[in-house]
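Here's a quick briefing on a protein fold, meant to be read with the model open beside you.

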Amino acid sequence: MHVLVPIDGSECSRRALRHAVDVATARTGKIDVVHFTDVRTEATNDVIEAAEEILTTAGVESQTEVITDTRVSEPRSSTHIGKRILQLVDDREYDQVIMGHHGTGAVGELILGSAAKTVLEAGSVPVTVVP
């Protein structure tokens with residue numbers, strides 16, 4: 001089992017990562033963690049270090065990656081990120097996506113879009129959304 005876990009540094013993305021650790025442990029799987037950013041900063045490094053700490057503590061085979069994309073700072077960037085996640089799933093043949101969701105509500109999704117919603121609606125693999 002090869003699981004993709006997109007993270008953004010939020011508590012819900014850390015919960016999703018911990019859930020992915022449980023799934024990967026139960027199924028002897030591997031986890032790839034990806035973080036999208038427009039510019040790599042110290043905050044980006046902190047997000048990755050926190051994820052790596054969770055993975056190291058669990059002893060799960062894993063890889064972390066930062067993808068720099070200037071479009072993630074544009075309006076409706078979450079929809080763009082959702083499409084990038086789907087592209088990764090297709091390119092790398094993941095078996096499952098486990099991701100957090102902030103629960104911004106209908107108005108927030110209308111204005112900002114939702115990466116989780118984009119992945120759920122168009123995904124070709126099972127998607128688990130952790131609130």
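What follows covers the ground rules, the overall chain, and then the strands.

This is a predicted model, where local features need pLDDT of at least 70, side-chain atom pairs count only at pLDDT 80 or more, and totals for chains, interfaces and linings use all residues. Residues are numbered from 1 along each chain as its sequence is written, and side-chain values use heavy atoms, with hydrogens and water left out.

**The whole chain**
- You get five helices and five strands in the protein chain; helices (H or I, at least four residues) and strands (E, at least two) are DSSP runs, numbered from the N terminus.
- Starting at the N terminus, the order is β-α-β-α-β-α-β-α-α-β.
- Of the 131 residues in the protein chain, 45% are buried (under 20% relative accessible area, with a 1.4 Å probe and protein chains only).

**Strand β2 and its partners**
- β2 spans residues 30-37, and seven of its eight residues are buried.
- On one pairing, β2 joins β1 (residues 2-7) in the parallel sense over six bridges; strands count as paired if DSSP finds at least two bridges between them.
- Within that pair, His-35 of β2 sits opposite Ile-7.
- Getting from β1 to β2, the chain goes through helix α1 (residues 11-26) in a right-handed β-α-β crossover; right-handed means that, with the strands pointing away from the viewer, the path from the first strand over the helix to the second runs clockwise.
- β2 also pairs with β3 (residues 61-68), again parallel, over eight bridges.
- There, Lys-30 has Glu-61 in β3 as its bridge partner.
- The link from β2 to β3 runs through helix α2 (residues 42-58), and this β-α-β crossover is right-handed.

Definitions and conventions:
Buried means under 20% relative accessible area, exposed over 50%, partly exposed in between (1.4 Å probe, protein chains only).
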